Structures are given as C-alpha cells and as structure tokens.
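This report describes the fold, packing and salt bridges of a single structure. The sequence and coordinates are shown first, and the description follows.

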Amino acid sequence: MKVTTDASLLGAYADVQQVQRILDIGAGTGLLSLFVAQRSTAQIDAVELDSQAAVQARKNFANSPWSDRLNLIEMDIRDYAKLGRQQHLQQHSDQNRQQYDCIITNPPFFTGSTQNPCDRSALARHNTHLPLADLMSAIDQLLSADGVVWILLPLAESEAIIQLAESLSLYPQQRMLVRNSSQHSAHREIMRLSRHQAELEVEQSLFTLYKEHPFHTKAAAALFEPYYTRMQVET
C-alpha cells in the first residue's frame, strides 16, 4: 500500500502529546502508529485485518525506535471491540475494560464507487467490508469517556459520519478541510470527535498541502519536517 500525503497529514496533525493509550484502526503497514509514536509516550495498539499488511506493520514496528510501545493486533476491529465488551461483562469493572483515550483512523471510506480490481486495495479503500456504521459502533465501544477520535474522510462521507456519531453521543469538535493547492477544491476532511458537545461553534479550518506540486506550503512543511527526510518547500 502506498504512503499517501493525506494519511501522513492525519498522523502529523492529530494532537497526541498528552494521551496514554492510542488505538489505530485499520493500521495498514503502520504509518499512523509510527507517526504518533514519534511524538508521544503513549502505548499504541494497531488493529489490521489484512494479513500481508500486518506482516509488514510488525516488521516496521520492530525496526522502529518505539517497538516497546507498538503492538500489532491482526483482527477485524468489530471482533476486537466485541472481545473488549465480553471481557468487560465477565469482569464487571469499567477499570478492566479495554478502552483508549485516543483513537486514530484512516478507514476504508469510499461508498458506492467503482471498486479497485485488486481485492486487497478494495478492502483498504472501500467500506463494503467495514461499513461506516460498524466502524463508529466499534469506536463507541473502545473509546474512553474523555477520549478523542481523529478520523480522515472524503468530503462525501463527512455528514454521514457526523450523523452516525451523534446517534452514539459523539460530536465533532474540530473540522479541517484539506486541499492540494489553492487552485483545487477540498477533497478530504480531518475531523476530531469526542463525547462532549462543543460549547461554542465547532472549530473549522482549511489546510493547503502544496503551493504548486511538488512544493509544499510552509504550513505543510512545518508539520511534515519531523518526518520527511526530503521536502521541497515554497519560497
């Protein structure tokens, strides 16, 4: 699976400095987990269903400086959430339930579009196997009372996510539209959700990745600088 700039932006942008336990849903080869491990001290569980991606993620974790804090779980996120609930019911203690104060995900999000002919790419990109309703249900079961969710979506799915989230008493706190350049319309959104409704208006912003490809904007360069070894920046 190719490393995308959008996913890298989510990994670099999400605020994880103060969290203790992070869950990466749909970890792929471990990109997001490695991003957040670099600038936090959190313990990180990464859940990935695809066996080949999981093998690569394990290797990437083992070769990183943060291998002691990175744990790959090869499982369907719905089964993982169900397992956590079963353990909670057996132990009858909220303290023993597997919950996270930060969940980060770049999920398979395309609905109703032509599927990639590669089965593995289709699994990673289209939500036929993991509908958004199932994803949000798993997030609800695994997120702590004061936890936050960072999610990357195409704009077409944003309102659906908000409606699903609100049905589970999860609410948008921050919404950032992402566009490739000032000549392009926004194509992605990074959203932060929590169990607390925003007291004022939801924070909204627009982020531009490139001045002109391949030259990153200064804002993008500032975010990516700790991660990218080579980067061209607007003058």
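Which strands does helix H2 lie across? Helix H2 (residues 31–38) lies across strand E1 (21–25), strand E2 (43–48), E3 and E4, and it runs at about 175° to E2. Axes here are lines fitted to C-alpha atoms, for helices over the stretch in contact, with angles from 0 to 180 degrees between N-to-C directions. Helices (H or I, at least four residues) and strands (E, at least two) are DSSP runs, numbered from the N terminus.

The model is predicted: local features need pLDDT of at least 70 and side-chain atom pairs count only at pLDDT 80 or more, whereas totals for chains, interfaces and linings use all residues. Residues are numbered from 1 along each chain as its sequence is written, and side-chain values use heavy atoms, with hydrogens and water left out.

## Sheet and helices

Eight strands form an open sheet of mixed pairing, in the order E3-E2-E1-E4-E5-E7-E6-E8. Strand E3 (70–74) and strand E8 (203–208) stand at the edges with a single partner strand each, so one side of each has no neighbour in the sheet. On average, neighbouring strands of this sheet are turned by 15° against each other, direction ignored. Two strands are taken as paired if DSSP finds at least two bridges between them.

Strands E4 (residues 100–105) and E5 (residues 143–154) run parallel and are joined by five bridges; within this pair, cysteine 102 stands opposite valine 148 in E5. Helix H3 (residues 51–62) packs on the sheet, where it touches E2 and E3, and its direction makes about 170° with that of E3. E2 and E3 also run parallel and are joined by five bridges, and aspartate 45 has asparagine 71 in E3 as its bridge partner. E2, H3 and E3 make a right-handed β-α-β unit; right-handed means that, with the strands pointing away from the viewer, the path from the first strand over the helix to the second runs clockwise.

## Burial and nonpolar cores

H2 is mostly covered, with six of its eight residues buried, namely Leu32, Ser33, Leu34, Phe35, Val36 and Ala37. Buried means under 20% relative accessible area, exposed over 50%, and partly exposed in between (1.4 Å probe, protein chains only). The buried residues of H2 pack against helix H1 (5–13), E1, E2, H3, E3 and E4.

A nonpolar core is a set of buried Ala, Val, Leu, Ile, Met, Phe, Trp, Tyr and Cys residues joined through side-chain atoms within 4.5 Å. The largest has 35 residues, of which Leu9, Ile22, Ile104, Trp150 and Ile190 touch the most other members. H2 gives the most to this core, with five residues. Leucine 9 touches Met176, Val178, Ile190, Phe207, Leu209, Leu223 and Phe224, not counting residues up to four places away in sequence; contact means heavy atoms within 4.5 Å. Another core, of 26 residues, lies apart from it and includes Ala81, Leu143, Val149 and Met191.

Methionine 136 lies in helix H6 (residues 132–142) and is buried at 0% relative accessibility. Leaving aside neighbours within four places in sequence, methionine 136 is in contact with Ile161, Leu164, Ala165, Leu168, Leu170 and Leu193. Methionine 136 and isoleucine 161 are 25 residues apart in sequence and 7.9 Å apart in space, C-alpha to C-alpha.

## Salt bridges

A salt bridge is a side-chain nitrogen of Lys or Arg within 4 Å of a carboxyl oxygen of Asp or Glu, and by this rule the count comes to eight. The table gives three of them.

| Side chains | N to O distance |
|---|---|
| Glutamate 74, arginine 58 | 3.4 Å |
| Glutamate 159, arginine 175 | 3.2 Å |
| Arginine 175, glutamate 189 | 2.5 Å |

Glutamate 74 lies in strand E3 and arginine 58 in helix H3, so the pair ties together parts that are 16 residues apart in sequence. Glutamate 74 is partly exposed, with a relative accessible area of 38%, and arginine 58 is partly exposed at 39%.

Arginine 175 is buried, with a relative accessible area of 17%, and glutamate 189 is buried at 2%, whereas glutamate 159 is partly exposed at 42%. Asp76, Arg78 and Asp134 are linked in a network of salt bridges.
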